[in-house]
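Open the structure in your viewer and keep the selection tool at hand.

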Amino acid sequence: MGRHTDAEDLETTVTFDPPTIAAVLAGGTGARMGAALPKQLLDVAGRPVLQHTLEAFQASPAVDRIVLVMAEGHHEAAWTIAKTANVTKLSAVIGGGATRADSSVAAIRWARSQPEVGDDAKLLIHDAARMLVTGRIIADVAAALDGAAAATAAIPSSDTVVEVHDGRIIAVPDRSALARVQTPQGFRLGLIAAAHDAAAADPAFTATDDCSVVLRYRPDTPVRTVPGSERNLKVTGPADLVLAEALLRA
């Protein structure tokens, strides 16, 4: 007869992969759009900009949950959009701040407040206005974090870029070494939290994006790039809405 083994006699080790959280930043009011509503609530091809963005992250197998950083006064509208689109991964809608960096910090703080989320979690920070982001780009940025602590989507610069001072060109960098950064930008949570903590203590620094914070305050951390797409445009002004609708209908 076989030996009976009680449950307490068994040593079971269960491991869990760290979660991947998509932080969608929609904290701006879209003043440059000249509309009554924030640009992320304007319709493109019959659906709000924000809905297109949320649907992309909802559909991505690489993303476990979503936190939306939304302008105050529009949280209810955001939840309504998410429910209409059946965005079940949306865990929270939180307030942002006066700057994009403030919105990133709000998302980082929310992620770190979750009891099951550690510093090894992956955080993908994405501008809600990049409504045409593809599943491939999201997956590539998330996958890059398996071998790096920071990564971003980027595309080669197709234009000559010059450095200007007092209205005069003073330098023409080699175009082959230049790229245009897009989002999502991905980070291990502990890294981006520490970098932003350091930035907050430096009043002379103004962040343009989250990769710039890492490059400034964690210079020993390589930031990997993955191919972005010309289609992954940022809706900023009225012409961008027209272009985004044309791309969707095409």
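The tour below goes through a predicted model, one selection at a time.

**First stop: a single side chain.** Select glutamine 51, which sits in helix 1 (residues 49-59). Is glutamine 51 buried or exposed? Its relative accessibility is 9%, so glutamine 51 counts as buried, the cut-off being under 20%. Now show Ile81 and Ala85: glutamine 51 touches both, leaving aside residues up to four places away in sequence.

**Next stop: helix 3 and helix 5.** Select residues 100-113 for helix 3 and residues 189-200 for helix 5. Their axes lie 10 Å apart, and the two helices pack at an angle of about 135°. That angle makes helix 3 oblique to helix 5. Turn the view and you can follow helix 3 as it passes helix 5 in a left-handed crossing.

Which residues meet here? From helix 3, show Ala101, Ser104, Val105, Ile108, Ala111 and Arg112; from helix 5, show Leu189, Ile192, Ala193 and His196. This contact of helix 3 with helix 5 is made up of seven nonpolar residues, two polar ones and one charged.

**Last stop: helix 5 and helix 6.** On the helix 5 side, pick out Leu191, Ile192, Ala195, His196, Ala198 and Ala199; on the helix 6 side, Asp210, Val213, Val214 and Tyr217 complete the contact. Colour the contact of helix 5 with helix 6 by class and you will find eight nonpolar residues, one polar and one charged.

Methods. Residues numbered from 1 in each chain as written. Predicted model: local features only at pLDDT ≥ 70, side-chain atom pairs only at ≥ 80, totals over all residues. Heavy atoms only, no water. Axes fitted to C-alpha atoms, helices over the stretch in contact; angles between N-to-C directions. Helix = DSSP H or I, 4+ residues; strand = E, 2+ residues; numbered from the N terminus. Parallel < 35°, antiparallel > 145°, perpendicular 65-115°, else oblique. Left-handed = near helix turned anticlockwise from the far one by under 90°. Contact = heavy atoms within 4.5 Å. Nonpolar A, V, L, I, M, F, W, Y, C, P; charged D, E, K, R; others polar. Buried < 20%, exposed > 50% of the residue type's maximum accessible area, 1.4 Å probe, protein only.
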